[in-house]
Amino acid sequence: MSDDAALLLRVSVFGLVAGTVYWFLSYEPLGTVALLLLGVGPGFAGLFIMWHRRGEDRRTGSLPETLRVFAGLPKEDPPGPRSLESQDVAVLPLPSIWPFAASLGLAVALSGFIFGLWLVILGLGVALYSGWGWIAAVMRENRYGRVQPVDQVAEEPAAGRDETGARRR
Amino acid sequence: MATTELGVPEVEAGGHPRGGLVEWMTTVDHKKIGILYIFTSLAIFLLAGIFALVVRAELARPALGVVSEGGYNELFTMHGTMMIFLFANQVSTGLANYFVPLQIGAADVAFPRLNAMSYWLYLFGSLMVLSGFLTAGGAASAGWTGYPPLSDSQFLQGRGMDLWTMGLAIVGIASIAGALNLVVTIFNSRVPGMTMFRLPLFTWGVLVTQLMILFAFPPLTAALAMLFLDRNFGATFFNPAVGGSPLLWQHVFWFFGHPEVYIVIFPAFGIISEVIPVFARKPIFGYRSMVFAFFAIFSLSFGVWAHHMFTTGQVYLPWFSLMSFLIAVPTGIKVWNWLATMWRGSITFTTSMLYALGFILVFVIGGITGVFVASPPIDFAVNDTYYVVAHFHYVMGMALLFALLAGAFFWFPKMTGRFLSERLGKIGFWTLFVAVNLTFFPMYLLGLRGMPRRIARYQPDLGWNGLNALSTLGSFLVGVALLLFVWNVWRSLRKPRTAPDDPWGGNSLEWVTTSPPPHHNFHQMPQIISGRPAFDLRTGAVRVAPSGEGPFDYRRGQT
């Protein structure tokens, strides 16, 4: 079991135990449900991570080892790799106006519930258009890569400032 | 018609094109977004601080009349709302944004654009909450806890309260998105060799904070939605006349609200756990117990919400009292660990270290009085008095402020390449330390003498006059100390960059890179064999991971 899953599962066990004990002490439904949900939420996340990392566990984790991790006992940490050459450490995304625009649209749309339907329509329009732009940008990046080769950059210095996405190709 | 961002070719060394407003609006760099978060939340902090000064000015004398009583309600409501939701939560998110990827050796957070969206939602949500002041009825005035029936449309008309509700819901969505992002980043973007139990404690603090946000903010959003429906669309969740219950709000709000206080203070714990080992020149004492204390508090904090509701008579007192007492145990473990870290260390009293020591004192004064009010008999006596106000200002407000200032003096050279003035900083520290205790300690006594919270005026013959005047004097001194800090920052920013990469002899990875870090964070990365990679590198235990020729290049595919 990986450390992150173990930590979440411990919180989950607390929620389930506390919820059960609380019910028999108080017979109060709301608090019981809340505590049991604390068991369910981190429990789901912990189990998901466990399932997601099951490949690693099969290589390293026997049942006693898993129990040791769950109990919080220290295990031997491996040394870091001598070289990072083979690791896919970072690909940085390009600047984008869409997070700003989508947030603005969403905020305007929600304020429309106070000030009037027209704001909801306006805001949703902006938000949907931004979402479309956002997804399109991601699709293009998947297709062409997130960065352009440097030699190509040198050929087109003029396009450099156009981060707003207003220039169309 | 889809538009494209492919036409942004400027990716030469150093990353982003340098520019003005457009660059900040379109940035997805975690460091820039972190700075945006920090600046926005500090602006909100200063505004909310001014509100607090007006509140204190009003209370200096029994019936001064600086503001109207309605205006007073708006001011203390907005002071609390802004300090808790729009400042305390978010300034730590800003620091986390800046330093977590650096500390785990990542080039950015896992979802950089979602990160940008979190920030903008936070900004627009905050503006929405603040815009209540521009409406005819004024801003929200039901207290930062917004209890119905007071916050229901029957007693509180006007759009200020609706803007408060909707604005906070948006900030809540922003927080959840930001939390997802940081959790995934810490789980998945660590540099090889950086195992979970080698993470710096600041990153641990942020991780646990963000996990708590994930489980605490959805109930808040639900509560706000119910309140909004009650106010505007005729729902009756909190209306007892037709089967609703005002207590439902209190339950759901505090199921969020109690974890929230740990959400506020955990990053502060993290900062202190970074600062003390560096300036005591020892590794942190009890690293694992620190981590498990984080998770013990995480678990317990979700089981104590009804200690805010002891006096409602509708909750099972022994359970919530016991849980509240228990939560002091892991918290105490942390305090002892900090003390044990300093034990026999060779301590240098930099401003950062002074603030860290101040944090421990202020936090313990606030924390111990919290243990008192966890006992129902005492809570019944002091509930809703200034005793509680003093308690949470010490344990949450001032402790966070001290930790943030410790972090500011510690990390400012890393963020800007410039040092803050130590001399001004030390003057500021002593001013602030005296001022804080002058402001908030009298409030304990006022509370024990029965002064209730949230009143604008009081009778002159109750024995509250002198203590209130003292508290007001202290609060203005706090303002002076903070202005000193602002001046210190402004002054430093105009000086040339003189800070080296590792001015303090730090432990974690952010001290390996340049000050300020490049766009892609690291030119080179040491092999990671312990929880103190910068220390290992400095002492020659490891070398920079070789990568063929020259420093390791992160911008794969570009060179």
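**Close-up views of chain B**

**View 1. B:Tyr458 counts as partly exposed, because it has 17 C-beta neighbours inside 10 Å.** A residue is called buried if 20 or more other C-beta atoms lie within 10 Å of its own, exposed if there are 12 or fewer, and partly exposed in between, with C-beta atoms placed from the backbone. This is a predicted model, where local features need pLDDT of at least 70 and side-chain atom pairs count only at pLDDT 80 or more, while totals for chains, interfaces and linings use all residues. Residues are numbered from 1 along each chain as its sequence is written, with chains lettered from A and ligands numbered from 1 in the order in which they are written. Look for B:Tyr458 in the loop between helix H14 (422–448) and helix H15 (465–493) of chain B; helices here are DSSP runs of H or I, at least four residues, numbered from the N terminus. Leaving out residues up to four places away in sequence, B:Tyr458 touches B:Pro62, B:Met451 and B:Trp464 (contact: C-beta atoms, placed from the backbone, within 7 Å). The C-alpha atoms of B:Tyr458 and B:Leu42 are separated by 33 Å.

**View 2. B:Val91 is part of helix H3 (residues 69–104) of chain B.** Is B:Val91 buried or exposed? With 24 C-beta neighbours inside 10 Å, B:Val91 counts as buried. Its contacts, not counting residues up to four places away in sequence, are B:Ile38, B:Ser41, B:Leu42 and B:Leu404. B:Phe45 is 46 residues from B:Val91 along the chain, and their C-alpha atoms are separated by 9.4 Å.

**View 3. Helix H5 (residues 159–188) of chain B has 30 residues.** From first C-alpha to last, H5(B) reaches 43 Å, close to the 44 Å expected at 1.5 Å a residue (the expected span is 1.5 Å times one less than the number of residues). H5(B) is largely enclosed by the rest of the structure, because 27 of its 30 residues are buried.

**View 4. Helices H10 (residues 328–342) and H11 (residues 351–373) of chain B pack at an angle of about 160°, with their axes 12 Å apart.** Axes are lines fitted to C-alpha atoms over the stretch in contact, and angles run from 0 to 180 degrees between N-to-C directions. H10(B) and H11(B) are therefore roughly antiparallel (over 145 degrees; under 35 is roughly parallel, 65 to 115 roughly perpendicular, and the rest oblique). In H10(B), B:Ala328, B:Thr331, B:Val335 and B:Trp338 meet B:Ile360, B:Val364, B:Gly367 and B:Val371 in H11(B). The residues of this contact divide into six nonpolar, two polar and no charged; Ala, Val, Leu, Ile, Met, Phe, Trp, Tyr, Cys and Pro count as nonpolar, Asp, Glu, Lys and Arg as charged, and the others, Gly among them, as polar.

Terms used
Helices (H or I, at least four residues) and strands (E, at least two) are DSSP runs, numbered from the N terminus. Two residues are in contact if their C-beta atoms, placed from the backbone, lie within 7 Å.
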